[in-house]
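Work through the exercises below with the sequence and the model side by side, and try each task before reading its solution.

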Amino acid sequence: MESRVLLRATATVAGVPQLRRPIGAIYRQFSTASSSSSSFKPIGAIGEGGNLISGRQLRPILLLDSSSAINGGEKREILKPVKAAAAEGGDTAGQTKVGFLEKYPWLVTGFFFFMWYFLNVIFNILNKKIYNYFPYPYFVSVIHLFVGTVYCLASWSVGLPKRAPIDSNLLKVLIPVAVCHALGHVTSNVSFAAVAVSFTHTIKALEPFFNAAASQFILGQSIPITLWLSLAPVVLGVSMASLTELSFNWLGFISAMISNVSFTYRSIFSKKAMTDMDSTNVYAYISIIALFVCIPPAIIVEGPQLLKHGFSDAIAKVGMTKFVSDLFWVGMFYHLYNQLATNTLERVAPLTHAVGNVLKRVFVIGFSIIIFGNKISTQTGIGTGIAIAGVAMYSIIKAKIEEDKRKGKTA
């Protein structure tokens, strides 16, 4: 009886009567027909053992039936056994390769931090060396921004990154940010040229104090008492360092303080200028606008002196090649360290951001003292240490407050 059923099934599939064939031959033809014919339907149900031949279970694959003559033209979906599908999924997952950088993202973040610190230190050292033989901070500030602008235009020309479009409304939003950036940049360079690099960075440690004051009294934000208390060591430390700083002069001190105020207002305008543009394009547009802002003061303040003896004196001291090379590289280091700082801080949490900023200042102060051999008094060293510790405390407390606010919004 079983043989007759199988014979009829085989004859239906192949279209040729097969009446007296051995079971093995029938099985081979049955297998061949089932793989070549799209209109074949297995005998019986899978769960009922309908695909048994010679006591063996056939692989239960249901093909998409394209024939309209079967099941009244109703098409059947391809079904795969659960175990087979799971095995195939496992093979696919096993074949997915995870890149080295994706597997160890902390290495990428660490590299960004290293390059940010390294370029920042190199910039400060080279910048100060230029001022030792070419004391024209307004012109050097223009060079910083000019080289960065050329770099941005070259990057846009090759699509790395792709230039984001800008309109008049966005331009109006970015102009105040760029003006504050230009003023803060120029006054920082005036301070760098007038006093030791370490002292300028010590004064600039007061920037969190100005940020807190602006947030409280200009933006109307409530600043917790813990943040104000953490700023007390900063003010005390900077005061101690200033009283005994051997390179102290009022031009350097006041310029650094103006820089703090300028960068504070830059932060305020930046919060009002939130756009969908990526940070790389935003910084590029700010640099271009800031360049046009810095050119007129440089011409008015230093133009006559530069034409009279500024350029000639610098070339006589170090030569044309070194002079041009130093200006080019200091501009490149300035732009790259600022761009890397932005990219680095986008990859980390606010607390890591805060600690990273403090450590950067420590690195710059330490290396500048070593490279230039600046002599500092004991009181200056202690005051600088207290100020940096205060900045660290302030940054950590503020980062935790921001993180709590963020979690409260997402909850």
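**Exercise 1. Overall make-up**

How many helices and how many strands are there in the protein chain?

Solution. The model is a predicted one, in which local features need pLDDT of at least 70 and side-chain atom pairs count only at pLDDT 80 or more, while totals for chains, interfaces and linings use all residues. Residues are numbered from 1 along each chain as its sequence is written, and side-chain values use heavy atoms, with hydrogens and water left out. Taking helices (H or I, at least four residues) and strands (E, at least two) as DSSP runs numbered from the N terminus, the protein chain has 15 helices and two strands. Of its 411 residues, 40% are buried, where buried means under 20% relative accessible area, exposed means over 50%, and partly exposed lies in between (1.4 Å probe, protein chains only).

**Exercise 2. The salt bridge**

Solution. A salt bridge is a side-chain nitrogen of Lys or Arg within 4 Å of a carboxyl oxygen of Asp or Glu, and the structure holds one. An α-helix has 3.6 residues a turn, so residues three or four places apart point the same way. Finally, consider the cover: D326 has a relative accessible area of 10% and is therefore buried, whereas K322, at 43% relative accessibility, counts as partly exposed.

**Exercise 3. A covered helix**

Is helix α9 mostly covered or mostly uncovered?

Solution. Helix α9 spans residues 207-217, and eight of its 11 residues are buried, so to speak a mostly covered helix. Among the buried residues of α9 are E207, P208, F210 and N211.

**Exercise 4. A nonpolar patch**

Which residues form a nonpolar patch on the surface?

Solution. The patch consists of F292, I295, I299, I300 and V301, which together have about 510 Å² of accessible area. Patches are made of residues with over 30% relative accessible area and no salt bridge, with like charges joined within 9 Å and nonpolar side chains (Val, Leu, Ile, Met, Phe, Trp, Tyr) within 5 Å. I300 sits in helix α12 (residues 279-318), and it counts as exposed because its relative accessibility is 68%.

**Exercise 5. A peptide bond**

Is the peptide bond from L160 to P161 cis or trans?

Solution. This bond is cis, with omega near 0°, and P161 belongs to the loop between α6 (137-157) and α7 (168-194).

Notes: Areas by Shrake-Rupley, 256 points an atom, 1.4 Å probe, with all protein chains shown as cover.
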